[in-house]
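Open your viewer and keep the selection panel at hand. We will walk through this model stop by stop.

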Protein chains: 4
Amino acid sequence: MTTEYPRRSERSRSAILVATQDLIREQPYPKITIEGIAARAGVGKQTIYRWWRSKGAVVVDALATQNSTDDLLPLPDTGDLATDMRTVLRATVDEFTSPDVEPLFRALAIESLQDPALQRQVVDQIYRPQLAQVDVRFRSAQKQGQIRSDVDSAIAFELFVGPIFHRWMNGTFTLDYAHADTVVHLAMRALAP
Amino acid sequence: MTTEYPRRSERSRSAILVATQDLIREQPYPKITIEGIAARAGVGKQTIYRWWRSKGAVVVDALATQNSTDDLLPLPDTGDLATDMRTVLRATVDEFTSPDVEPLFRALAIESLQDPALQRQVVDQIYRPQLAQVDVRFRSAQKQGQIRSDVDSAIAFELFVGPIFHRWMNGTFTLDYAHADTVVHLAMRALAP
Amino acid sequence: MTTEYPRRSERSRSAILVATQDLIREQPYPKITIEGIAARAGVGKQTIYRWWRSKGAVVVDALATQNSTDDLLPLPDTGDLATDMRTVLRATVDEFTSPDVEPLFRALAIESLQDPALQRQVVDQIYRPQLAQVDVRFRSAQKQGQIRSDVDSAIAFELFVGPIFHRWMNGTFTLDYAHADTVVHLAMRALAP
Amino acid sequence: MTTEYPRRSERSRSAILVATQDLIREQPYPKITIEGIAARAGVGKQTIYRWWRSKGAVVVDALATQNSTDDLLPLPDTGDLATDMRTVLRATVDEFTSPDVEPLFRALAIESLQDPALQRQVVDQIYRPQLAQVDVRFRSAQKQGQIRSDVDSAIAFELFVGPIFHRWMNGTFTLDYAHADTVVHLAMRALAP
DNA sequence: GACTAACCGAGACGGTACGTCCTGTCTTGTC
DNA sequence: GACAAGACAGGACGTACCGTCTCGGTTAGTC
């Protein structure tokens, strides 16, 4: 029965995260400031600095909060990996397309490119858990002979996600379900036994 | 054949680009400032603002300049696409690993994530020309029956580059030749006729 | 009896005023900058802009501060107006001659010539109080029949101060006690009953 | 038959002076810049720097030019000094009141307070000639027994001009003919034999 | 009548200071 | 002791001018 943050105001904490999410959605990222977040949240600046190391840390928390509520990637298991990956990549396309979520991802990318510590945090808190789930699903598919057994889960996952991610980050071409399906189709061929 | 910048000082222009490249290599990107670049280049701030819209625009130019001198991606054609793509992806790994080039890519990514106009510029000036070359190589491979004909060059290219790019940007796993070879191997399977 | 500036740092305030006085004495006025004052005072620029509207406003405050400490013009009353005015004008000559005070007056003149609001402030905070004292002394002299009663105090005072001031501002001729005495002598003749 | 400025463009010279006068009248003095003058005169900056040492020097020239056309102070001689000085001081009040001339005087004062060399120039080119004329008039009045003979012309002149000048520069009270007449009346009493 | 030097407009250049904005720390008084 | 509020030292921003420096294009006076 530990009280981790004895007297931390939950009211302030969530106000800050909500304000951050809202601001990131409303305006270009370079315009977002700690002062702006504090003002929007009706909070003193010090309250932010007391609990987070930097603006990036707040952004990570803001995204983590949102994703935990949305229960990120339940990773379906219909028995057919292609079908499941189609579902997953389509959801990813939805996120990269949504005006609600995409700006948060963008903010996260910007911050983690600038701060190695933050990047590690993002990988540990967001990417690894996701990969762990995927790993489970891939092993089950391997057992069923749907994909080869000599390919690492991480690489296999990147084969699906990499092309989508590249397209999003560079804004080279449109992201839609058709594209997601094509990528799944090709990746499945690559992994075919 | 008009003089595009009637009286622009070439001396200043190149001093600014070199200073930018040097600074990006020497210190974390968030510490780089226009004032710092101006001071390092021995140039007035106004001279930067006169010819570039933002720090990001200078960074794009700095990278473009370096790449044009290095003559980016000669795209080999040995007759075997797998061999050629292995060469290309290994070179890409080299760049993402080099302390000389990687920081520039990182800076470019940060800036283009923050400024849509800049992103478009990066795509047009850096990505598209590269893709055009790749397209030619892929078509020739298609004619020789090395890969399927019903896959778009852009998607095919992303299949190779996407996984590498994802790994670099998120810093999830190490980037080396072995990994590049694996990706090529898998992508070639995906594209096999 | 409220606290007018709730949390203003007295340390910064006086450091700024002292730095301003020092700088004005040390170098020609056009070389004095807000940045220079801030640096000398060990203060952020914003702290100056927070409490003063312009460099001129700081200068006015700097002079006012100095004069209030020096207790400007005690205005003697020996019973003989000529004697007293001689004392006053000699003191004025001292100020216009002193390397410590003259530069401040000069700075003040420059600023108030450029900014009507500042000029009003100078008149209200510096000139009027001085004139009020003089007015009292003149009335007492009038009761004693030393000067005419039909001359306004303001005009009478200008008769003494004007010639000195004109000579100082235009740098036409030397300022010394002999000159001050001559002016007093003539002005007293002008005001004789 | 010397050509003082062999190839100087009279067109540019007068355009610069006119532009300076116009700008000084149209806007607060601190807003006036060399670049602004050059642009208004349709002239290159270098043309200004070629012929004048500073903005102040241009201002002096601009005023001198205007005053020479207006034929500054013809100094009347009706035989009665009081009458003549009344005329002169009323004209001075007119100048200190005129929206056409006052701003130039103000500009001149600002500049000469900041630059000793300029101040000397103003005294030599503008004040001394004026004083010379006054000296002649005073001597003639002395001969006629209208004023004392033991008072220096310079001091006598300051007795008239000082109070007016002080009032103008400090903006303490209104300047009008009545005031000018009062000053003349008092100064004449001071100088009476 | 062609030559040639200085002057001209234009404006880029290396700088300096401006006044604003934000950072991360600190201080004050409230709950 | 956490909190809202906000002053503080510091530092970068993007802008405005400074005074110097080319750049071509007149424009006089000379040969």
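Of the atoms of DNA strand E within 4 Å of the protein, what percentage belong to sugar or phosphate? The share is 60%, and the rest belong to bases.

Before going further, a word on the ground rules. This is a predicted model, where local features need pLDDT of at least 70 and side-chain atom pairs count only at pLDDT 80 or more, while totals for chains, interfaces and linings use all residues. Residues are numbered from 1 along each chain as its sequence is written, chains are lettered from A and ligands numbered from 1 in the order in which they are written, and side-chain values use heavy atoms, with hydrogens and water left out.

**Stop 1: around the DNA.** Select DNA strand E and the 36 residues that surround it, counting a residue as near if one of its heavy atoms lies within 4 Å of the strand. The closest are A:E35, A:K45, A:Q46, C:R7 and C:Y49.

Next, show helices (DSSP runs of H or I, at least four residues, numbered from the N terminus). The helix α3(B) gives the most to this surface, with five residues.

**Stop 2: phosphate oxygens.** Zoom in on C:Y49, where an N or O atom of the side chain is 2.4 Å from a phosphate oxygen of DNA strand E.

**Stop 3: chains A and B.** Now show chain B with chain A: 40 residues of chain B are in contact (heavy atoms within 4.5 Å) with 40 residues of chain A. About 3,800 Å² is buried between them, and carbon and sulfur atoms give 65% of that; buried area is the accessible area (1.4 Å probe) that two parts lose on being put together, summed over both.

How many salt bridges link chain B and chain A? The count is two, with a salt bridge being a side-chain nitrogen of Lys or Arg within 4 Å of a carboxyl oxygen of Asp or Glu. Select B:E158 and A:R167 to see one, at 2.9 Å from N to O. Then highlight α8(B), which provides 13 residues, the largest share of the side of chain B that touches chain A.

Note on methods: Polar contact = N/O pair within 3.5 Å; in protein donor to acceptor, adjacent residues only side chain to side chain. Helix = DSSP H or I, 4+ residues; strand = E, 2+ residues; numbered from the N terminus.
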